[in-house]
Amino acid sequence: MRGEDGFTLIEVVCVLAIIALLAVIALPQSPRATTAQGLRGYAVEIAAMLKADRIAAIRRHVFVSTALSAASRTVRSGAGGGVLQLPADVAFDAILAQRCNGRVVGSSIDFFPSGLSCGGAIALSRPGAAYQVRVNWLTGGVEIVASEKS
């Protein structure tokens, strides 16, 4: 009579199926909150989009507008057409000019062919971390500033 060492293939497959079933049940219930590094990543992405729009305005000698929507939680590039969708756990707020260059604005940061801008600030936050992406109204320069948030 042979000794029974090890496991049969059916036993291994059953154990793997049980583990997969538990993973399918448990993973969707685990929270997927944005980390502090993820929040910084969103700030860097927004800053890069704004810088690209400013550069496009200067190079093409045209007016470029980066659209912001707090309702849909999006930032849309005016030059490249790219869209950044922020997750629901990131608080998104913008301080924007109401009038710029004789026009009513309020939902965008505008760049002129000279590189100047209407300016504005985009605030991103989550518990424990906060960042502002600021656009200087005079120079059009873009910077990221970390804020303390508890």
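Contact, as used here, means that heavy atoms lie within 4.5 Å. This is a predicted model, in which local features need pLDDT of at least 70 and side-chain atom pairs count only at pLDDT 80 or more, while totals for chains, interfaces and linings use all residues. Residues are numbered from 1 along each chain as its sequence is written, and side-chain values use heavy atoms, with hydrogens and water left out.

Helices (H or I, at least four residues) and strands (E, at least two) are DSSP runs numbered from the N terminus. Helix H2 lies across strands S1, S2, S3 and S7 and runs at about 160° to S3; axes are lines fitted to C-alpha atoms, for helices over the stretch in contact, and angles run from 0 to 180 degrees between N-to-C directions.

Those four strands form an open sheet in the order S3-S2-S1-S7, with antiparallel pairing. Two strands pair if DSSP finds at least two bridges between them. Strand S3 (83–85) and S7 stand at the edges with a single partner strand each, so one side of each has no neighbour in the sheet. From one strand to the next, the twist averages 10°. Strand S2 (residues 74–76) is joined to S3 by three bridges, and Val75 stands opposite Leu84 in S3.

Rings of Phe, Tyr and Trp (its six-membered ring) pair if their centres lie within 6.5 Å; planes under 30 degrees apart count as stacked, over 60 as edge-to-face and the rest as tilted. The count is one aromatic pair. Phe63 and Phe112 form this tilted pair, 5.6 Å centre to centre with 50° between the planes. The two residues are 49 residues apart, so the pair links distant parts of the chain.
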